[in-house]
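Hello,

I am passing a structure on to you, with some notes on what turned up in it. Please have a look and read on below.

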Amino acid sequence: MKVEELLRKAGRGGRFFSVDFIKRTNKSPRHLVGRFGVKKYLKRNRVDYTKPYNFREGLGYVPEEKELVVIYDMVKKGYRMIPLESVFLINKKSLKEFENT
């Protein structure tokens, strides 16, 4: 099973999970507690406020093409990009629920 699939299973349904990975910038280990699906803090489109903000337009690139996953960090209260190739631990408590499914 791929790392991205494991992350999605751990965080499905808006559940909290933790992940440990190595940062690309300075190669230091990082522990993140977060969840998928948080949309509360996304900015709106500046031209038309009725349309939701597309974070990919603001970034200028597609995170999936660079093997990144976007997760909302519950501790630092912001969106973070996790490089899939450097994930070395996913919270086992949240994964135990999915072993039988």
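How much space lies in the second largest pocket? About 230 Å³, where a pocket is an open set of points on a 1 Å grid over the protein atoms alone, fitting a 1.4 Å probe, with protein on both sides within 12 Å along at least five of seven lines, and a volume is the space filled by probe spheres set on the points.

This is a predicted model, where local features need pLDDT of at least 70 and side-chain atom pairs pLDDT 80 or more, while totals for chains, interfaces and linings use all residues. Residues are numbered from 1 along each chain, and side-chain values use heavy atoms, without hydrogens and water.

Arginine 30 and aspartate 73 are both buried (under 20% relative accessible area; exposed is over 50%, partly exposed in between, with a 1.4 Å probe and protein chains only). Arginine 24, at 38%, is partly exposed, as is glutamate 85 at 48%.

Aspartate 20 is buried too but has no salt bridge; arginine 30, the nearest side chain of opposite charge, is 7.9 Å away (Lys and Arg count as positive, Asp and Glu as negative; His and the chain ends are not counted).

Best wishes

Key. Salt bridge = Lys/Arg side-chain N within 4 Å of Asp/Glu carboxyl O. 1 Å grid on protein atoms, 1.4 Å probe; cavity = no way out; pocket = protein on both sides within 12 Å on 5 of 7 lines; lining within 4 Å.
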